[in-house]
Amino acid sequence: MHIGQHKLSNNIILAPMAGVTDRPFRELCRSQGAGLAVSEMLSSNPRVWNSRKSKLRMDYHGESGIRSVQIAGSEPLAMAQTAQLCVQQGAQIVDINMGCPAKKVNKKKAGSALLPHPELVKAILESVVDAVDIPVTLKIRTGWDPENRNGLEIAQIAENAGIQALAVHGRTRQCLYKGEAEYDTIKIIKENVTIPVIANGDITSVEKAKYVLEHTGADAIMIGRGAQGAPWIFNEINHYLTTGEHKSSLEKQEVTSILLNHVQALHDFYGEVMGPRIARKHVGWYLQSQDKLSYFKRQFNAIDCPVEQLKTLEIYLNN
């Protein structure tokens, strides 16, 4: 699969997720077989660019793989300027967020709140595409609510505006993350545009990945929550799609190594104060199936010292 001039190593993509797809997690998922890893979104509001959170999100230099950076906002000029900033910081693809259902994003008429306003969508897409010399992609939902699924209209606007690839989450904004994703709308979109279409939503197993690709005819699939606590899902899906067979489960020692290295990377990236705090949610995702009563989670979440955090986790994992 290509996005503009960039050839992906495969068609299994890590979805952008705020507070999750930071640099350590993107690097980890790429090492575990993701063909592309999209960054968490950067606001087009320049007043927040000097915050520590935004500065960390804008750190792409030296990152491995194709650097795809997501931006969010509602003003065409501001979005264009944000895209230009991302290019200056090392982005190779700019992705526009029109899929986020969060209230704090939607109340600013950004994310999926843009979907009911096709003229504004068109203005933003054209402004960003004209502002940069790298490929621009778009992520949407199927519409604002089940009665107003205008995903096809938005997709056609995107294609005409010069968008190079389109990711579609199989829910409307009103659905949030409830119920099950539907893929018929994605199939219709794929049948009516020529740009690459990426199917997203509820892909948490190798069988589901194969089904979604076959049902929609999509060029790629995008994994979000399915990668939380299981970054090796990319290798598992790649193996299944290639061979038709399930990949052998990772040995306990391999999982332990991945988890400890991930936590160490979070400490190194965020520092000794924020690192342990960020690590807590990731460790919770990794261990949710074996720590069902959350005994260890409560113990781990009370630790602030990076060294102690790693030591306690290593002892637990090696028991």
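The model is a predicted one.

A pair of aromatic rings is described by the distance of the centres and the angle of the planes. Five such aromatic pairs are present in the structure. In one of them, the ring centres of Phe269 and Tyr270 are separated by 5.0 Å and the ring planes meet at 90 degrees, so this pair is edge-to-face. Phe269 has a relative accessibility of 18% and counts as buried; Tyr270, at 11%, is likewise counted as buried. Another pair, formed by Phe296 and Tyr316, is stacked, with 4.0 Å from centre to centre and 15 degrees between the planes. Phe296 belongs to helix H11 (residues 295-301) and Tyr316 to helix H12 (residues 306-317), so this contact ties together parts that are 20 residues apart in sequence. Phe296 is buried at 5% relative accessibility, whereas Tyr316, with a relative accessible area of 21%, is partly exposed; the cut-off for a buried residue is under 20%. Phe300 joins Phe296 and Tyr316 in a cluster linked by ring pairs.

An aromatic face also takes part in a contact with a charged residue. Arg141 is placed over the face of Tyr177, at 4.9 Å from the ring centre.

The cysteines come next. A disulfide is a covalent bond between the sulfur atoms of two cysteines. The structure contains zero disulfides. For Cys86, the nearest cysteine sulfur belongs to Cys100 and is 16 Å away. Cys86 is buried, at 1% relative accessibility. The cysteine sulfur closest to that of Cys100 is in Cys175, at 15 Å, which is too far for a bond; a disulfide requires sulfur atoms within 2.5 Å. Cys100 is also buried, with a relative accessible area of 15%.

The remaining topic is empty space. Rolling a probe the size of a water molecule over the atoms shows where such space is left. The volume of the largest cavity is about 90 Å³. Its lining comprises 16 residues, and those closest to the centre are Val38, Asp95, Thr137, Ile198 and Met222. At least two lining residues come from each of strand S4 (36-38), strand S7 (93-98), strand S8 (136-141) and strand S9 (165-169). By class, the lining of the largest cavity has 12 nonpolar, two polar and two charged residues.

The largest pocket has a volume of about 1200 Å³. A total of 46 residues line the largest pocket, with Ala18, Met41, Asn97, Cys100 and Val105 nearest its centre. Cys100, described above as buried, is thus named again here as part of this lining. Among the elements that each supply at least two residues to this lining are helix H2 (52-57), strand S6 (67-72), helix H4 (103-106) and S8. The lining of the largest pocket divides into 19 nonpolar, 18 polar and nine charged residues.

The second largest pocket holds about 250 Å³ of space. Its lining has 16 residues, of which Val255, Tyr286, Leu287, Ser289 and Gln290 are nearest the centre. Helix H10 (252-287) and H12 are the elements that give two or more residues to the lining, and H10 provides the largest share, seven residues. In this lining, eight residues are nonpolar, seven polar and one charged.

Definitions and conventions
Residues numbered from 1 in each chain as written. Predicted model: local features only at pLDDT ≥ 70, side-chain atom pairs only at ≥ 80, totals over all residues. Heavy atoms only, no water. Phe/Tyr/Trp six-rings, centres within 6.5 Å; stacked < 30°, edge-to-face > 60°. Buried < 20%, exposed > 50% of the residue type's maximum accessible area, 1.4 Å probe, protein only. Helix = DSSP H or I, 4+ residues; strand = E, 2+ residues; numbered from the N terminus. Lys NZ or Arg CZ within 6 Å of the ring centre and 35° of its normal. 1 Å grid on protein atoms, 1.4 Å probe; cavity = no way out; pocket = protein on both sides within 12 Å on 5 of 7 lines; lining within 4 Å. Points joined across faces, edges and corners; volume = space filled by probe spheres on them. Nonpolar A, V, L, I, M, F, W, Y, C, P; charged D, E, K, R; others polar.
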